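Try each task yourself before you read its solution.

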Amino acid sequence: MRRPPARLLVPVAVVLLWLVLYPNLFILGESVFGEDGFTLEHYRRFFASRSELEAAWNSVWISLGSVVLAGALGIPLAFLFGRRPFPGRTVLGALAALPVLLPPLVGVIAFLFLWGETGFLTRSIQFVLGLEEAPWRLSGAWAILLVHAYTMYVYFFLFTSAGLARLDSAYAEAGAALGASRWTVLRRVTLPLLAPSIGGAALLVFMTSMASFSAPYVFGGGFRVLTTQIFSSKLSGETALVAVESVVLASASLLFLFMLYRFESARAYTGAGKGAGGGGSAGVAAGPRDADGARSTWTRSSALRLTLALALVGFLLLPHLTLAVVSLVPAGTWTTELLPPAYTLDNYRNLFTRAELLRPVVNSFQMALLATAANVVLAFGAAYLIERRRFRGRGAMAALLILPWALPGTVLAIALATTFSTNQWWAGRFLLVGTYAILPLAYFIRNIPLVTRAAQASFRQFDPALEEAAASLGASWAHAMRRVAFPLVLPGLVAGALLAFVTALGEFVASILLYTHRTRPISIEILSQLRGFDFGTAAAYGVLLVVLMAGVFMVGFRRVGAGL
């Protein structure tokens, strides 16, 4: 491989060092320096504080509990939709993955309307049983666990489904031929082969749960985890303590990212089979191999599976339906009734006709577009350097490209707020806090891994000889990039950009720490409307976000699939 051109290497390296590494080093420095120089006093305060240790422990056990509950829901679903033939299996399986389209805060709000004290299901049970009070309060640790299990089971569902698709059915068939029961084959053959996939999903859920802010913030009450503790300390002006809490949280996330990489490496073992997806079974005899039910027959068992799948998917989509219903409720009309007494489209009409309600929508679009455009430019250059050129520091650059994904949004926001809170141009610090630029910058940094990984995958899929052929025909490096490499990488780049765009549209964690009233995005306005008890408008924003995300995915990926 040739050395990289300096005109590309220098700007990519500067952006990564200045925007990714520097803020985190700055916050690390804040945690170990005081007025008199180096000190570990801030860490001593952290480890001497019972509430801080309790918050750290709560983060860990809530994350472990989320892994168990999400796995208990996601893995059986993957077996049902991945191994058992019945009509409509593919469609229902896709619907079961729909919660992945719910932005974190919107998912939390949907749960509030469904399972909260005044939620549909809670009131229904109270009415049926004739209770004077709601049978439960959606608050505290168990509420957070419930929300996490619902919003994160999709990781287990998708990872296990992918593992089952790669699994060679001959292993299970060989076990059955040797006389093993279905349970024995499942326990001794199928699950061990799926262990890397399940382990990868478990670590991903653990990391996501550690970084979770929306559910603990809305439902936590007096129950604190590290992310909410950081928010609380920031509001109290405890700058040094915020830095220590961020370092502790970031360290835990980085540790589990390392473990995730180990599991990803192990997952290659699972793919060593023949890849005969859809066939044999996890401890069951190979059934008919249907494609969306095309070859499935209406047997008694397939009808039972279809009924079970319909019931499960219906239950999983209840939050979506609840959100849609609440979005039609006029403000102040739904108080003690079991169902809303009136419905209207005014909430949607207001979003686009009232300037103060339209402003967050415009802000989110503008800031998500700006951040995504910057992501695309950086990702193309960085992916080219990593995949096509060999140079000193290449491994460090690859690590910096993935670092924003490993750090919780809270830590990223605190790092940016600390670094860009003053004008010291000679130190690379500028006053961005309170300006329009800080949120697009946060979205840009947060989504660097999403777009870059997609671009890297595209670079790996086409032969470098094409670029060399262009060069041998006299094309300059820039011309070869523009006419050869960019068109070939474009589908992957667009796919990554779509993910980055929808993620930025619904971003909440960094936004709540960095927004101003003028720059508030949709997610912050949802919270504001909830605090004002205008549930209909808050739900309408949520539905708008879900529809936008689904639309972007459908149109974007269809264009990508068609080669643009």
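What follows is a set of exercises on a predicted model, each with a worked solution.

**Exercise 1. Work out which helices and which kinds of residue line the second largest pocket.**

Solution. Start with the space itself: the second largest pocket has a volume of about 480 Å³. Now turn to the helices: α5 (104–115), α10 (214–219) and α24 (522–531) each give at least two residues to the lining. Finally, sort the lining by class, and you get ten nonpolar, three polar and three charged residues.

**Exercise 2. Take Phe-533 and decide: is this residue buried or exposed?**

Solution. First find Phe-533 in the loop between α24 and α25 (535–561). Then check the accessibility: the relative accessible area is 62%, and exposed means over 50%, so Phe-533 is exposed. While you're there, have a look at the backbone. Phi of Phe-533 is near 60°, a positive value in a residue that isn't glycine.

**Exercise 3. Find out what Ser-253 is in contact with.**

Solution. Begin in helix α12 (residues 239–270), where Ser-253 is found. Its relative accessibility is 3%, and the cut-off for buried is under 20%, so Ser-253 counts as buried. Now skip the neighbours within four places in sequence: Ser-253 is in contact with Met-207, Ala-406 and Pro-408.

**Exercise 4. Explain why the buried residues of α14 line one face of the helix.**

Solution. List the buried residues of helix α14 (residues 318–326): Pro-319, His-320, Thr-322, Leu-323 and Val-326. Then look down the axis of α14. The buried residues fall within an arc of 165°, so they line one face of the helix.

**Exercise 5. Describe two of the aromatic pairs, starting with Phe-111 and Tyr-150.**

Solution. The whole structure holds 22 aromatic pairs. Phe-111 and Tyr-150 make a tilted one, at 5.1 Å centre to centre with 55° between the planes. This pair links distant parts of the chain, as Phe-111 sits in helix α5 and Tyr-150 in helix α7 (residues 141–166), 39 residues apart. Check burial next: Phe-111 is buried at 4% relative accessibility, and Tyr-150 is buried at 6%.

Now for Phe-213 and Tyr-217, a stacked pair with 5.1 Å centre to centre and 15° between the planes. Phe-213 is buried at 1% relative accessibility, whereas Tyr-217, at 23%, is partly exposed. To finish, widen the view: Phe-213, Tyr-217, Phe-231 and Phe-508 form one aromatic cluster.

Terms used
Residues numbered from 1 in each chain as written. Predicted model: local features only at pLDDT ≥ 70, side-chain atom pairs only at ≥ 80, totals over all residues. Heavy atoms only, no water. 1 Å grid on protein atoms, 1.4 Å probe; cavity = no way out; pocket = protein on both sides within 12 Å on 5 of 7 lines; lining within 4 Å. Points joined across faces, edges and corners; volume = space filled by probe spheres on them. Helix = DSSP H or I, 4+ residues; strand = E, 2+ residues; numbered from the N terminus. Nonpolar A, V, L, I, M, F, W, Y, C, P; charged D, E, K, R; others polar. Buried < 20%, exposed > 50% of the residue type's maximum accessible area, 1.4 Å probe, protein only. Contact = heavy atoms within 4.5 Å. Arc of directions from axis to C-beta. Phe/Tyr/Trp six-rings, centres within 6.5 Å; stacked < 30°, edge-to-face > 60°.
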